[in-house]
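Colleague: I would like to learn how to read a model of this kind. Please take me through it feature by feature.

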Amino acid sequence: MEETIIAQRRQKVADLRERGDHPHANDFRVTHLAADLHDTYADAERWTSEVLEADAIEVSLAGRVKAVRKFGGMVFLGLVDGSDVCRPGDQTAIGRRDIQAALFKKVLRDGHPDSWARLELVDLGDIVGVRGTVMRTRRGELSIQVSELRILTKTLRPLPDKWHGLTDVAARYRQRYVDLIMNDEVRRAFRTRSRVVSYIRRFFEDRGYLEVETPMLQPIYGGAAAKPFATHHNALDLPLFMRIAPELALKRLVVGGFHRVFEINRNFRNEGVSTRHNPEFTSLEFYEAFATYDDLMALTETLLAGLVQAVLADRGDAADAPIIEYQGVALDFSPPFRRLPVLEGLVTYAGLAPEQVHDRAALEAAAARVGAKVKPDLPLGYLQMAVFEEACEPHLIQPTFVTDFPLDVSPLSRKKDSDPRLVDRFEIYAAGRELGNAFSELNDPDDQRGRFEAQVSARAAGDDEAHPMDDDFIRALEFGMPPTAGEGIGIDRLVMLLTDAPSIRDVILFPLLRPEA
RNA sequence: GGGCCAUUAGCUCAAUUGGCAGAGCAACGGACUCUUAAUCCGCAGGUUGAAGGUUCGAUUCCUUCAUGGCCCA
């Protein structure tokens, strides 16, 4: 049947050619977007059908045919263009992308008979251009009274059900183009993603940060606890890894005197796929010399609160407070966010006494109690974090800075001056999920070498997410990195929160899938 | 990796403890000059995800596989 439909449409392509119409014409010029007309002529009191008829405002518009309603002597075409997500000029305004074209046989027969004839060859999904005047129908709908109709792109495949759209999840991801044609809320989510990145870029540029790009292909990977993708450079016969984080490259730039840098780019981690993980994902990382992780908490509060309000404003829900609903829960990003030291979390949520938080036996008992799976002989910090993740994370619904992590799990962070078992580090949580990770950077090269060595030992003991040694990074620190604080924020997870998306695949245009059979 | 669920027309979904595979939308033919999920009449469209098995008979039961979803690891 699909073949039948395609064959029928190929016949229409041939018919178009026969009548001298190019089925993929590119000489139609657009003067207006649908959103322009809605913005300009929305006021039905002022722009009555009489006024519009008298003014006879000429416009040319192009879009995809989403609806055809025929009445013998007249036809309505429901068109959509792209003006809901992108428009020249003011990018802060979301517009309506739908506009109706009205074709009257009586008008076209005298003025442009070809256009009336072409209606026979128009299918749902085709991309057409219409020239005409702005009008308002008897029902009050802003429309274009068409004086010329062109088929600009004749399509071969039928669109999904006009009412139910495309709901099959696999099909939506595999054929995202169809998803985007059919589902306006999907279009809006990806527009929001674009606005979020734009906001972040402006936020850091305004604070004197320099945007940089550092290598995706690295001989030595590092900067996070994760498994990399391995690849190979043929000409140099060089094994390479896709980066798991830009951290070590960005800190080399701080050594070089780029004291405020940020990068928004892709990371790659060779891990499973889930509603919260895609093997390639986008992160923001930024580094500021002469700052501490305390400063970054304040910066993060400002960034996220402003971002939430910008997103609310962009979708037309301007609000006084930066409160956004995620999966039915209102998240309040009004500063200051809650601070929760890791060890305090163990006391509050894992039932440990304050004097037990460094006690292996007590931690192991707590791990068993809360259902955290731990291997024997783990360094104490791993044990603490395993208990923390199981017992505390589900409670971190409102934005929370989890602070002062164990040193064992923080090979790149500065030791706390007050307690060398801990580091000056925080993670920002919301909706029970980690959104970002930050610390005062370790800039003592000897300490850093020792931490790498501990990581290498952990790797030898079977931790395949432990860091490899990076001698050049040590050398860079030996040239002196100023006291610095740095942070990474997962853009995809942030956009999930801001678009109320339950799955990371809803905020990645083309998520990784198995190839089609 | 494990458990559960799903896969039927282009799309969205039905199909009685195993008994003729259906509807709406889209398509196709027709009527219709203000509809907006237009309406009305007519017509057509299927290797029921794949392979195998049980059975007189399988969309339905069993096995394996594929793809996806949810939960767990």
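Colleague: What percentage of the residues of chain A count as buried?

Modeller: Buried means under 20% relative accessible area, exposed over 50%, and partly exposed in between, with a 1.4 Å probe and protein chains only. Of the 517 residues of chain A, 49% count as buried. Before we go on, the ground rules: this is a predicted model, where local features need pLDDT of at least 70 and side-chain atom pairs count only at pLDDT 80 or more, while totals for chains, interfaces and linings use all residues. Residues are numbered from 1 along each chain as its sequence is written, chains are lettered from A and ligands numbered from 1 in the order in which they are written, and side-chain values use heavy atoms, leaving out hydrogens and water.

Colleague: How many helices and strands does chain A have?

Modeller: Helices (H or I, at least four residues) and strands (E, at least two) are DSSP runs, numbered from the N terminus. Chain A has 16 helices and 18 strands. Its C-alpha atoms fill a box of roughly 90 × 55 × 50 Å along the principal axes.

Colleague: Which residues come nearest to RNA strand B?

Modeller: A residue is near a strand if one of its heavy atoms lies within 4 Å of it. There are 38 residues around RNA strand B, and Gln8, Lys12, Arg139, Lys162 and Arg505 come nearest. By class, this surface has 13 nonpolar, 9 polar and 16 charged residues. Here Ala, Val, Leu, Ile, Met, Phe, Trp, Tyr, Cys and Pro count as nonpolar, Asp, Glu, Lys and Arg as charged, and the others, Gly among them, as polar.

Colleague: Which parts of RNA strand B supply its atoms within 4 Å of the protein?

Modeller: Sugar or phosphate accounts for 64% of those atoms, and bases for the rest. For single pairs, look at polar contacts, which are pairs of N or O atoms within 3.5 Å; within protein, one must be able to donate a hydrogen and the other to accept it, and residues adjacent in sequence count only if both atoms are side-chain atoms. A polar side-chain atom of Lys12 lies 2.4 Å from a phosphate oxygen of the RNA. Backbone polar atoms also take part: one of Phe71 is 3.1 Å from a phosphate oxygen, and one of Gly73 is 3.1 Å from a phosphate oxygen. Elements giving two or more residues to this surface include α1 (2-18) and β1 (58-70).

Colleague: Is Ser60 buried or exposed?

Modeller: Ser60 lies in strand β1. With a relative accessible area of 8%, Ser60 is buried. Contact means heavy atoms within 4.5 Å. Beyond its neighbours within four places in sequence, Ser60 is in contact with residues including Phe28, Val30, His32 and Val130.

Colleague: Why is the pair of Tyr199 and Phe203 stacked?

Modeller: Rings of Phe, Tyr and Trp (its six-membered ring) pair if their centres lie within 6.5 Å; planes under 30 degrees apart count as stacked, over 60 as edge-to-face and the rest as tilted. The whole structure holds 14 aromatic pairs. For Tyr199 and Phe203 the centres are 6.4 Å apart and the planes at 25°, so the pair is stacked. Both belong to helix α8 (residues 184-206), where being 4 residues apart separates them by about one helical turn. Tyr199 is buried at 18% relative accessible area, and Phe203 is buried at 5%.

Colleague: What sits over the ring of Phe203?

Modeller: A charge sits over a ring if NZ of Lys or CZ of Arg is within 6 Å of the ring centre and within 35 degrees of the ring normal. The charged end of Arg207 does this for Phe203, 3.7 Å from the ring centre. Arg425 likewise lies over the face of Phe405, at 4.3 Å from the ring centre.
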